[in-house]
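I opened this entry to record what I looked up, item by item. The sequence and model come first, then my notes.

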Amino acid sequence: MSAAARRVRRVRLSAPREDLVRRGALLLEDALHTATVPGGGGGRLLLVRRLDVGRIRAGASPATLALEIERRLRQVEASAVHGADPSAAAAPAVWFRDAAEAAAVLAVRLARGAGAEAWFWRPAVRGWEPGAGPAEGIRLALRAAAETPAGPVAVAEVLRASLAAGTADRLLSCLTPSYATVLLALGGWSAPARRPSGAPPFAPPPGDSPASSVPVPPSPRGAALHAVAPEWRHVVARWILEWGDDDVRSVWLACMALIATRPARAADRTLPDRATALVGFVVHENSSTSANSRQRPKSPPESGVRKSEKTTAQQGDAAQASSPPPADLVPSAAGDDGMAASASPIAVQGDGAGEQTGGIAEGSETSVLTTLGPRLPNGPTREQENDEIFAPPAIARADSALSDAAGLFFLVPAMRRLGMDAHLAAHPHLLEAELPVHVLLRIAEKTCVPPGDPALDLLGRIDRINSDPHSAAPEELNRINSGAALPFTAPEAWTRLVARAGEPVARADGGRWDASGRLPLALPAATLDEAVDAWVAALRRLSRLHARMGLRALVRRPGRVEATRTHLDVTLPFSAADVRVRAAGLDLDPGWVPWLGRVAAFHYTDE
């Protein structure tokens, strides 16, 4: 049962004597701490409006009362509806996939001008008050998402949902520079220093060393275009041009677009520097194209019919590509809380007739938006206004979630013990290359996990480096994906936990191995495959030394694997509980795992 579902706002007890009321309160508190709800674990939010626990006998034990609470919660859960359902306000129980989805649904509702006075919004979204205005409510939803364990990934999920629902303009119009700074701080980042006037758009900020900053790609166009998914490019470019390159909101939005494209980037401490480079590219490309359009010589005259057709087509393209934020979406200068009075949904794309440039140089936005990607679709349709974007699936009981390799995710805490977090921080290109995912996939291959297993499907969705042409491609990542070799240094934890004791073996090529000569500790040049092999060897050693079993015995365990965009829940039967795994600490909840972009948790059940 999730912590949110276990919170109780008000308890009403009646008894003939005061001591019986106190006894009932103690029994109820203990029972609520131990009660569980099948299917209600992990990140899933279950909000119950009212639960009648029946008569509490003074001599009953908390365990007995917990069983009764579980039985009654099952009955209520069966009638629970999704929070985006029109009938949710009158439902006895409401559920969301996770806290990020609750914040996203609320933000979209407010951006569409709909109310949010239903009973479940206050417990679902931290800090929400029904009396808050739409603009303040949207900011509260963003902050509530940022304060979840998933942090910036949850905020990016709110923006993704708003983009899909056609309300991104309305949401972004409510953002203020001070609030963007707060959101960056909640993600663990500080606002980058303003770029000096006249500095190249991709130069690292003053004070950064090449070792601590993300490598600057040689091609600004390649870095910018491939760092952000196509559906984000139009809105990102448009609002960066509206805010300017010296506005912290531009950097924050670029960070969110980068994370939405690849959640593992939330682990990159230098992400604001990369976002600043992306902002600089948009502004630089816009100004360059504007200058070129002013200096472009006139083309030779063509035949009357073709010239007319070409002019009409060019005008149509320009009208279709030019869509600055509507005037009523731009925050007013009177204050930060201003929001458009109109409650009607705002179309992200206009029809091109009679639109104004909103202060942006004529022709500039057309050129940069055409470069950065396709235009977004029009605003929400009538069906979308009914929240079909959040259409709830059936409560997860599908056989497709059953995995023969649920133990594969026991390797997540193992990798963290071996120093994966610090290793990725020291080698940012391996973070972009999804090294941990490649390690898990390699171990799945070695342990003969069958194709189509849900565990492999989940890892395949995370690992898009080879299938998604719009993923980021820094210079080092291009080199390592093409088979080039880069220096590799094992985390210090390997020496303590898995390396064979004794004098390390030094080889002629400058590499250093442990005393067995089979575990690399430092390599002057290693490909991605060699880095993966080194981590597989270290994990095999850890499993043998600390859990007294091989990787196959650890990985091949039946269980249920369920994932949202911000959470990963692995549920195993009590019969799969293994004292060796527990003694090694491999089934302890990892919590927030930045390089998976999810909050991971393990559950045991009698089902």
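I took contact to mean heavy atoms within 4.5 Å. With that cut-off I looked up Leu172: leaving aside neighbours within four places in sequence, Leu172 is in contact with Leu159, Val235, Trp239, Trp243, Trp252 and Leu253.

I noted the ground rules. This is a predicted model, in which local features need pLDDT of at least 70 and side-chain atom pairs count only at pLDDT 80 or more, while totals for chains, interfaces and linings use all residues. Residues are numbered from 1 along each chain as its sequence is written, and side-chain values use heavy atoms, with hydrogens and water left out.

Next, the cores. I counted a residue as buried under 20% relative accessible area, exposed over 50% and partly exposed in between (1.4 Å probe, protein chains only). A nonpolar core is a set of buried Ala, Val, Leu, Ile, Met, Phe, Trp, Tyr and Cys residues joined through side-chain atoms within 4.5 Å. The largest such core has 80 residues, of which Phe96, Trp121, Leu172 and Trp252 touch the most other members. Helix 12 (residues 248-261) gives the most to this core, with 10 residues. I also found a second, separate core of 66 residues, which includes Leu424, Ala433, Val437 and Leu440.

Then the sheets. Helices (H or I, at least four residues) and strands (E, at least two) are DSSP runs, numbered from the N terminus; two strands pair if DSSP finds at least two bridges between them.

In what order do the three strands of the open sheet stand? The order is 1-3-2, with mixed pairing. Strand 1 (45-48) and strand 2 (81-82) each have a single partner strand, so one side of each is left without a neighbour in the sheet. Four bridges pair strand 1 with strand 3 (residues 93-96) in the antiparallel sense, and Leu46 stands opposite Trp95 in strand 3.

I looked at another open sheet, of four strands, and read the order 5-8-7-6 with antiparallel pairing. Its edge strands are strand 5 (486-489) and strand 6 (505-506), each pairing on one side only. Ala506 has Arg512 in strand 7 as its bridge partner.

Last, I checked strand 10 (residues 567-573). Six of its seven residues are buried, so strand 10 is largely enclosed by the rest of the structure. Strand 9 and strand 10 form a hairpin with three residues between them, and Glu562 stands opposite Asp569 in strand 10. Strand 10 and strand 12 (residues 598-605) run parallel, joined by seven bridges; there I found Val570 opposite Phe602.
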